[in-house]
Amino acid sequence: MTDDEIIFYKREKLKFNELLSKFDWTEDCLLKEQKTLIQCPIDRGHRFPIGSKHVQHCQLVKEGFSKEYLKELAECEQEKQLLNQSGILFTPSQLSDIVHRPITITNNLPLSIEQATILFSPGERSLIAQAVHNEALRLGIVPSTSHSIIDNQLVQSQKSNISQQLNKLAELRDQKRRPTKYVTRPTKKNFYDIAREMINTEMKFIEQVNHQIDSDQTKHDKDHSKEHKHKHKHRSSSKKTRRSSHTKEKYYYSNSNMWSVITWIRDFIAEYTWFWWSSNDSKSNTVLLVGLDDAGKTTLTGRLTQNRLIQAPPTSQPSKHEIKIGSTLLAITDVGGHKQARRLWRDYMFSSTRLIFMIDASNRQRLPEARSELLNILDDDDLKFVPLLILANKIDIIDTAYSENELRYLLQIEKYLNEENPRIKLCMCSIKRNEGFTDGLRWLVKQPIKLDN
Ligand SMILES: Nc1nc2c(ncn2[C@@H]2O[C@H](COP(=O)(O)OP(=O)(O)OP(=O)(O)O)[C@@H](O)[C@H]2O)c(=O)[nH]1
Ligand SMILES: [Mg+2]
């Protein structure tokens with residue numbers, strides 16, 4: 001099987017399993033236990049192994065116990081009995097007092113369990129059950145020593161309180177973990193990288209010096225011409241020129257040695273290494289993967305390298321991964337996305353020939369932040385020839401995920417996409433569901449690149 005066929009097969013299998021789980025089936029049920037399965041008398045779509053408690057659960061769900069709120073079977077039975085058979089009637093106004101809100105129903109209690117579930121929240125049901133129980137005790141319908149459903153409900157609500165607290169603590173822990181200190185791993189640089197860096201730094205310095213000299217000179221010229229406007233009209237201009245060249249010479253003199261070394265290195269690289277740059281495959285296929293934290297970058301690298309859904313902690317160090325798209329080998333660097341890490345993006349961009357910007361399409365609050373980071377890259381003149389793939393991830397979260405058209409508009413990337421040969425591409429994807437990104441990656445590797453960006 002080819003890679004594509006394997007991916008297709010896995011994706012279809014995932015969809016199939018999701019479908020099965022909706023009917024409470026599993027693949028195992030279908031393949032191995034066909035003979036031992038029986039049909040559910042309540043819902044004909046359900047099949048279940050003999051001996052399981054499926055029918056009772058199904059009955060409870062039908063009676064109005066929601067699946068999420070499913071309690072122990074015994075507790076449900078107790079609640080049903082109390083509500084249905086106590087014979088205790090509450091008027092709507094008494095009911096309003098119990099649940100502390102206006103009630104619109106016209107008939108009196110006892111409520112059937114279906115009505116109770118439809119009309120009242122679990123908390124309110126527990127208040128009603130408490131009131132019914134108290135009334136039953138008062139009338140002597142239930143013995144005072146009986147184990148009440150209230151106790152069960154208390155236990156139930158305590159259980160859910162504890163799990164809520166645990167969830168909150170877990171959230172807090174995750175929030176605290178995100179802004180961890182960013183540690184940069186020393187990168188291995190070769191001779192050419194070091195030379196390039198030296199040249200860039202020195203050229204910037206010299207440009208600054210030149211700029212400073214020019215602005216000093218202009219200022220000085222203005223003052224000077226004011227002072228000697230009438231007196232030394234002709235002499236001043238020659239002095240000015242001499243002063244100017246003298247100052248410049250002074251600066252150049254202090255840097256002249258360095259300047260000549262740099263010029264020599266630059267010329268050397270330009271003349272003798274063009275072949276090396278253009279033939280070096282790894283250099284021409286270096287991809288930088290950026291995007292806000294929590295967008296799913298590391299999850300993508302897991303998909304690409306291990307072909308499975310990984311759960312990674314927030315990235316604290318840049319990491320490099322090699323993957324093959326068709327016959328092309330790509331070296332993808334995943335630099336984290338939190339604020340400290342973003343400072344490094346630009347450094348890495350210059351040693352990369354292609355970019356991937358990942359967005360969490362389902363996170364509406366953080367879209368403006370993602371847009372501003374994206375536009376920073378798109379508006380950077382130094383990067384205007386670098387092909388950029390925008391992966392809008394997490395479209396499986398259908399409640400909040402933006403559509404492609406909405407994103408094109410909200411990210412303000414229409415103008416870049418409408419160019420004749422756009423250097424950017426937007427792909428809607430879900431790394432979790434393993435879909436939507438392969439086309440984008442293929443497009444990215446096919447883009448022509450300019451090596452000396
Ligand atoms: N629902 C959904 N969740 C996803 C998807 N992709 C990634 N996630 C989840 O998003 C969370 C963040 O994923 P990471 O890959 O760690 O995010 P990151 O961009 O590497 O974040 P940093 O390392 O902090 O920059 C994880 O909990 C993933 O399971 C997806 O396609 N759908
Ligand atoms: Mg990460």
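This is a predicted model: local features need pLDDT of at least 70, side-chain atom pairs count only at pLDDT 80 or more; totals for chains, interfaces and linings use all residues.

Residues are numbered from 1 along each chain as its sequence is written, and chains are lettered from A and ligands numbered from 1 in the order in which they are written.

Around ligand 1 there are 22 residues, of which Asp293, Gly296, Thr298, Thr315 and Gly337 come nearest; a residue counts as near if its C-beta atom, placed from the backbone, lies within 6 Å of the molecule. Helix H13, residues 297–306, gives the most to this shell, with 3 residues (helices are DSSP runs of H or I with at least four residues, strands are E runs of at least two, and both are numbered from the N terminus).

The largest nonpolar core has 44 residues, and Leu355, Phe357, Ile390, Leu391 and Ala392 have the most contacts inside it. Such a core is a set of buried Ala, Val, Leu, Ile, Met, Phe, Trp, Tyr and Cys residues joined through C-beta atoms within 7 Å, where buried means that 20 or more other C-beta atoms, placed from the backbone, lie within 10 Å of the residue's own, exposed that 12 or fewer do, and partly exposed anything in between.

Asp294 lies between E3 and H13 and counts as partly exposed because it has 18 C-beta neighbours inside 10 Å, whereas Lys394 is buried, with 24 other C-beta atoms within 10 Å.
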